[in-house]
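Hi there,

I am passing a structure on to you, with some notes to read beside it. Have it open on your screen as you go through them.

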Amino acid sequence: MRTVKAEEVTEALAKVAVNANYDIGPEMLRAFDEALAAEKSEAGREVIRQIQKNARIAREECVPYCQDTGFAVVFAEVGQDVHVEGNLTDAINAGIRKAYSDGYLRKSILNDPIQRKNTGDNTPAVIHYEVVPGDKIRLTFGAKGGGSENMSKQAMLKPADGLEGVKKFVLETVSAGGANACPPLVIGVGLGGTFEKSCILSKKAAMRSPFHRNPDPFYAALEDELKESLNKLGIGPMGYGGTVTVLGVNIEVHPCHLVALPVAVNVNCHADRHGEVEL
Amino acid sequence: MAEYILKTPLTDADVQKLRIGDSVRLSGTIYTARDAAHKRMVEGLDKGQPLPFDIKGSLVYYVGPSPTKPGNVIGSAGPTTAYRMDPYAPRLMEIGMKGMIAKGKRNDAVKEAMARHKVVYLGATGGAAALIAKCIKKCDIIAYEDLGPEAVRRLEVEDMPLVVVTDCHGGDLYIEGRKQYEVR
Ligand code: SF4
């Protein structure tokens, strides 16, 4: 059995979290280049040019890409043959604490949804654990902005609603909230599972690169189709009107109950900040 | 779509010439406030207390910056979503506020008040927070320091890049712009 020290987790995650907030990464930059070429509205192109400049300044000057440095979301895939010396959840939260303090990131997390006191260090993170084969720990970090998160939705569709119902729900969700979520967007769709499973899948999907494609050709085609129809909504960059509303759509699927068709749409903004580390 | 260079404070004439889709480079003094600060300002007004700054001709920027790195003027400072300030904005327009800077759609009550009081709503690019911070040359906290990122700040800005998203003639770029590109 391999041993990983809790401190190693903390250090590695802190680095990933700071870096994700300063450097939007090559895939998002490529998505911005393609968006600039595709956008037909001048106001929309100006927004994309500003986003590109912003990405450069943030990376070169080591400052946050967006002031909302997000809710820290961590997908932790823990190999069943790895032993963590210390408390893994504490180690993850310590990594977030370190990143948000040392990296001059904004602390946006409140202790309680009703009493609303800032915890002061952006913890606790939302952590999704999965036990996987092997002796490694893979952490996927996302800084999830509140503005785009607020435009996300889940629905328990009827099985009879079928594929058309799913498409309609995705379109309605982006149509209603897209302009407020800092488009161009990355849309994560979680399909199937139970109520909560669909939401977790949609988050996983939203934290991916817009160029990721579902390995199943049926869903890969649906991702492309949804991207095309979403870009016909006309919302455009920042909602000023235009032909690029989304940079990409990612779908994650899970088996579901015979009476159910859960679908969740997690809206992510152009500040799709994520990073991974394996220990 | 015209381009304007504007300096604060704004007059009725400044606001009236602006139409949706126009781009604006703004220089001068602006004030920051978001949810908690708006609540406090409006509650103060109800009790007859003065605002922490001169509201006449002013522009209020809805922003909660990230912490300032040593050597910088301010942290990253992009706009927050405006609709949460909708319940408070008309009250500030009544007493002389001339502009709001933020992102996202406004409700009808805000748009009506904007037409009545000659107020403009300027959009800053959400998420372009490092770029916008570059336009901020000076930053002082002037009230509600206990609110942290939500404290009221006085900012000196130079050539802040903005777009007219709602004008005082009833124009709304979120509606009109989309109409132009929507394929049904
Ligand atoms: S929605 Fe995203 S880009 Fe917009 S302010 Fe929030 S975190 Fe930043």
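A residue counts as near a molecule if one of its heavy atoms lies within 4 Å of it. Please keep in mind that this is a predicted model.

With that cut-off, which residues are closest to the ligand? There are 13 residues around the ligand, and the closest are C66(A), G145(A), C182(A), C269(A) and R273(A). The shell is made up of 5 nonpolar, 5 polar and 3 charged residues. Chains A and B both supply residues that surround the ligand, so the site is shared between chains.

C182(A) sits in the loop between α6 (162-177) and β7 (185-192) of chain A. Its phi is positive, about 60°, although C182(A) is not a glycine. Is C182(A) buried or exposed? With a relative accessible area of 8%, C182(A) is buried, because the limit for that word is under 20%.

You can compare it with R116(A), which has a phi near 55°, again a positive value in a residue other than glycine. R116(A) belongs to the loop between α4 and β4 of chain A. R116(A) is exposed, with a relative accessible area of 53%.

That loop between α4 (88-102) and β4 of chain A also holds P124(A). The peptide bond leading from T123(A) to P124(A) is cis, and its omega is near 0°. Chain B has a cis bond to look at as well: the one from T8(B) to P9(B), with omega near -10°. You will find P9(B) in the loop between β1 (3-7) and α1 (12-16) of chain B.

Now for a helix. Helix α1 of chain A covers residues 6-22, and its 17 residues should span 24 Å at 1.5 Å a residue. The C-alpha atoms at its ends are 25 Å apart, which agrees. How many residues of α1(A) are buried? The count is 12 of the 17, so the helix is largely enclosed by the rest of the structure. Among the buried ones are V9(A), L13(A), V16(A) and Y22(A).

Next, the strands. Strands of a sheet pair through backbone hydrogen bonds, either parallel or antiparallel. In chain A, 4 strands make an open sheet in the order β4-β2-β5-β10, with mixed pairing. β4 (126-132) and β10 (273-278) of chain A are at the edges with a single partner strand each, so one side of each has no neighbour in the sheet. On average, neighbouring strands of this sheet are turned by 15° against each other, direction ignored. Strand β5 (residues 137-144) of chain A runs antiparallel to β10(A), and 6 bridges join them. As an example, T140(A) has E276(A) in β10(A) as its bridge partner.

Finally, turn to chain B and its strand β5 (residues 120-123). Both faces of this strand are covered: V120(B) and L122(B) on one side, and Y121(B) and G123(B) on the other, are all buried. Strand β4 (residues 99-102) of chain B runs parallel to β5(B), with 4 bridges between them. Within this pair, A102(B) has G123(B) as its bridge partner. The chain passes from β4(B) through helix α4 (residues 108-117) to β5(B), and this β-α-β crossover is right-handed. β5(B) is also joined by 3 bridges to strand β7 (residues 152-166) of chain B, and these two run antiparallel. There, Y121(B) stands opposite T166(B).

Enjoy exploring!

Best wishes

Note on methods:
Residues are numbered from 1 along each chain as its sequence is written. Chains are lettered from A and ligands numbered from 1 in the order in which they are written. This is a predicted model: local features need pLDDT of at least 70, side-chain atom pairs count only at pLDDT 80 or more; totals for chains, interfaces and linings use all residues. Side-chain values use heavy atoms; hydrogens and water are left out. The expected span of a helix is 1.5 Å times one less than its number of residues. Buried means under 20% relative accessible area, exposed over 50%, partly exposed in between (1.4 Å probe, protein chains only). Two strands pair if DSSP finds at least two bridges between them. Axes are lines fitted to C-alpha atoms, for helices over the stretch in contact, and angles run from 0 to 180 degrees between N-to-C directions. A crossover is right-handed if, with the strands pointing away from the viewer, the path from the first strand over the helix to the second runs clockwise. Ala, Val, Leu, Ile, Met, Phe, Trp, Tyr, Cys and Pro count as nonpolar, Asp, Glu, Lys and Arg as charged, and the others, Gly among them, as polar.
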